[in-house]
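Q: I have a structure open and would like to learn how to read its inside. Where do we begin?

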Amino acid sequence: MRARILTVVLLASLTAPTASAEEVPTTHYLRGAYQAGWVLQTNDFLRGDNLSGEAIENFQSVRLEFGWQTNGSKDWHHEYNFPSFGIGLYGADFNADEELGNPTSLYGFFSWPMKRTPRWQFNFELGFGLTNDWEPYDPVTNPKNTAMGLGRSVHIEVGANAALRLATRWSLIGGLSGTHFSNGGTQRPNHGLNVVGPILFVKYDTEDPAQMPPRRDDVTYEKAWDLALAGSWGLRNLDLNFEDEDLREQYGNQSYDIVNLTAIAGYRFGFRSRAIFGLDLAYDSTVEDIMTVNAINSGTESDYESIDSYELGVVGGYEIFAHRTHLLLHFGYTVWTKEVDNRLPKFYQRLGVRQFVWRDWFAGLNVRFHEIGSADNLEWNAGYRIDL
């Protein structure tokens with residue numbers, strides 16, 4: 001429930017209508033799409049180690065989206081060549097309802113026109129949201145599903161398409177998109193699921209499309225520093241190894257709190273991009289149980305102290321933003337920690353979205369991972385930005 005509430009808040013902020021320019025009104029549209037494509041064979045469950053004994057290779061999906069077309073009243077509209085954005089509902093069928101369920105997503109999307117002509121438009125698109133209704137792994141009822149350990153996941157999508165205007169309000173859009181589903185390590189197993197395929201949209205503009213103003217090439221920005229202070233929380237799921245099976249109830253397949261306090265200095269060097277660096281103080285509650293189980297297995301006493309659960313890292317990275325929405329990629333390295341097997345890796349990465357919901361206050365969701373692809377946990381975060 002908490003995840004759904006935060007998602008609605010983020011999407012409502014993302015999709016708040018832009019103030020209309022007097023000359024060019026804000027317009028809206030509906031898009032419906034059908035997609036059929038391929039499931040990437042990234043784990044044994046998808047390759048056929050499942051109840052049916054057959055590979056899960058194909059999928060199909062439908063979606064309905066409501067969008068806002070920017071009108072040139074803001075500088076960032078011109079910088080992104082008059083983009084559009086909105087919210088969408090998505091449903092997929094993998095022909096494996098018993099083991100995967102019928103996932104549905106609520107997401108926000110951003111459509112960035114790369115090229116325009118009177119009838120054609122070529123777009124790059126991003127989507128980010130949450131997915132529900134997976135049939136998760138269960139050791140008794142769904143023991144083969146190592147792709148999805150939880151009934152919920154993130155929905156991350158990247159695509160490109162070409163739009164052809166057929167009539168005043170109707171357009172046909174064809175393209176290619178790929179989607180990644182993962183719970184970010186909140187519940188294991190979590191190998192995730194990746195799909196790719198062609199997609200076909202029908203778009204209807206609810207008002208007559210406005211003629212875009214000439215794109216300005218005199219957009220200016222101020223190179224500037226700021227400081228962002230944020231707190232985050234997430235769950236990490238671990239199934240610790242132990243020799244005494246009587247310990248399974250206490251230490252087997254447990255979830256642990258991961259808490260971060262982060263201070264980030266950012267430098268804006270372009271109209272839509274900034275570099276960041278800073279410090280990351282983390283509390284990792286897995287450490288106490290890891291050290292306890294290691295001691296039990298070796299027949300010794302654990303020397304755990306509360307300070308052992310803390311670690312300090314340095315962070316650097318890049319962010320691209322459109323108005324009040326930031327897409328971030330951060331790289332971190334832990335410089336102070338107690339060496340304990342199976343604790344969070346020293347070199348880690350973050351991929352996420354941040355939305356400024358009111359003035360300089362923001363909320364967001366990150367996936368923390370290592371080795372550029374193995375998720376550790378999700379980070380629900382909130383914070384405040386200070387201009388320097």
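Q: Which strand gives the most residues to the lining of the largest cavity?

A: Rolling a probe the size of a water molecule over the atoms shows where empty space is left. This is a predicted model, and it holds 2 cavities of 30 Å³ or more. In the largest cavity there is about 180 Å³ of space. Its lining has 15 residues, and A230, T262, I264, R354 and N366 are the closest to the centre. β9 contributes the most to this lining, with 4 residues. At least two residues each come from β9 (224-238), β10 (254-268), β13 (325-336), β14 (347-358), β15 (361-370) and β16 (374-387).

Q: How do the residues of that lining divide into nonpolar, polar and charged?

A: There are 6 nonpolar, 6 polar and 3 charged residues in the lining of the largest cavity.

Q: What lines the second largest cavity?

A: The second largest cavity has about 130 Å³ of space. It is lined by 17 residues, with R63, E125, E157, S177 and F201 the closest to its centre. β6 gives the most to this lining, 5 residues. By class, the lining has 8 nonpolar, 4 polar and 5 charged residues.

Q: Which residues have the most contacts inside the largest nonpolar core?

A: In soluble globular proteins, nonpolar side chains tend to be buried together. Here the largest nonpolar core has 19 residues, and V39, I56, F94, L100 and L193 have the most contacts inside it. Elements giving two or more residues to this core include β1 (27-39) and α2 (44-47).

Q: What does I56 touch?

A: Leaving out residues up to four places away in sequence, I56 touches V39, Q41, F45, L46, N50, F94, A96 and L100.

Notes. Residues numbered from 1 in each chain as written. Predicted model: local features only at pLDDT ≥ 70, side-chain atom pairs only at ≥ 80, totals over all residues. Heavy atoms only, no water. Core = buried A, V, L, I, M, F, W, Y, C linked by side-chain atoms within 4.5 Å. Buried < 20%, exposed > 50% of the residue type's maximum accessible area, 1.4 Å probe, protein only. Contact = heavy atoms within 4.5 Å. 1 Å grid on protein atoms, 1.4 Å probe; cavity = no way out; pocket = protein on both sides within 12 Å on 5 of 7 lines; lining within 4 Å. Points joined across faces, edges and corners; volume = space filled by probe spheres on them. Nonpolar A, V, L, I, M, F, W, Y, C, P; charged D, E, K, R; others polar.
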